[in-house]
Amino acid sequence: MKRRTTVISAVAAMALLGGGTATAVAVTGDDGGSSSAAQSSVRVKDDDGVSDNQEEVNEAKGAQVKAEDAIAAALKHTSGTAVGADLDSDDGRLVWDVDVIGSGNKWQHVEVDPGTGKVLGSHTERDDDGDDSAAHVAATLKGASTSAEDAAKAAASKGTVTSVDADDDGSVKVWEVETTSANGAEHDWHVDFQSGAVSVDHSSDDDGDDD
């Protein structure tokens, strides 16, 4: 199963403390889903008998709801700015985990059913770090012309989008997007905050050949 961290460069991410409590910049969990008010309608096979590649294929195929649609559903439920979305499975249940900076710069975690597009549950996460705050992330994204939804749409031609996260790559602000190909291979891409241009993430071990 996958583990996700949403990163803004120069902001130190700490581990999820549990019980619905997280730090400002990272929503990091061992495969979200446990906080859902309802269970996902999509089940995938993710036991020890399945290879990592096959697990990626199963998850990508299982998601009938695209990343951009999951983000839109989360924002309809919880108004604010989406800063990340990740497709995860927990005990065979597939879910879209969407992170939103909501009213008062509060971190909101929203879980969306990848089969129906319905919101399964949500909770507010406490910000324990005054410097590394949601306000910093919000300020980073304030001037962006490309949203998380836009980034997901832009990278969709490269494969099935399974993750979208905001990142500040040095002087170039980008969305980091992960896609899964039909054979389960993962590829990482940058989508520029302003132009929406898609480029290979050269910092990744997987440079992606399907451009």
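Visitor: What makes a stretch of this chain a helix or a strand?
Guide: Helices (H or I, at least four residues) and strands (E, at least two) are DSSP runs, numbered from the N terminus. By that rule the chain has 4 helices and 8 strands, in the order α-α-β-β-β-β-α-α-β-β-β-β. This is a predicted model, in which local features need pLDDT of at least 70, side-chain atom pairs count only at pLDDT 80 or more, and totals for chains, interfaces and linings use all residues. Residues are numbered from 1 along each chain as its sequence is written, and side-chain values use heavy atoms, with hydrogens and water left out.

Visitor: What makes a residue count as buried?
Guide: Buried means under 20% relative accessible area, exposed over 50%, and partly exposed in between (1.4 Å probe, protein chains only). Of the 211 residues of the chain, 50% count as buried.

Visitor: Why is β1 described as largely enclosed by the rest of the structure?
Guide: Of the 10 residues of β1, 9 are buried, and the strand is therefore largely enclosed.

Visitor: How do you know that β1 and β2 pair?
Guide: Two strands pair if DSSP finds at least two bridges between them. Here 9 bridges join β1 to β2, so the two strands meet that definition; they run antiparallel. Ala85 stands opposite Val98 in β2. The hairpin of β1 and β2 has 2 residues between the strands, and Asp91 takes a positive phi near 55° there.

Visitor: Why is a set of residues called a nonpolar core?
Guide: The name applies to a set of buried Ala, Val, Leu, Ile, Met, Phe, Trp, Tyr and Cys residues joined through side-chain atoms within 4.5 Å. The largest such core has 35 residues, and those with the most contacts inside it are Trp96, Val112, Val164, Trp175 and Val177. Among the elements that give two or more residues to this core are β1 (81–90), β2 (93–101), α3 (134–142) and α4 (148–155).

Visitor: What places the buried residues of α4 on the same side?
Guide: The buried residues of α4 are Ala148, Ala151, Ala152 and Ala155. They cover an arc of only 100° around the axis, which puts them on the same side of α4. The arc is that of the directions from the helix axis to the C-beta atoms. An α-helix has 3.6 residues a turn, so residues three or four places apart point the same way.

Visitor: How do you know that the buried residues of α3 line one face of the helix?
Guide: Ala134, Val137, Thr140 and Leu141 are the buried residues of α3. Seen down the axis, they fall within an arc of 120°, so they line one face of α3. On the other side of α3, Ala139 and Lys142 are exposed.
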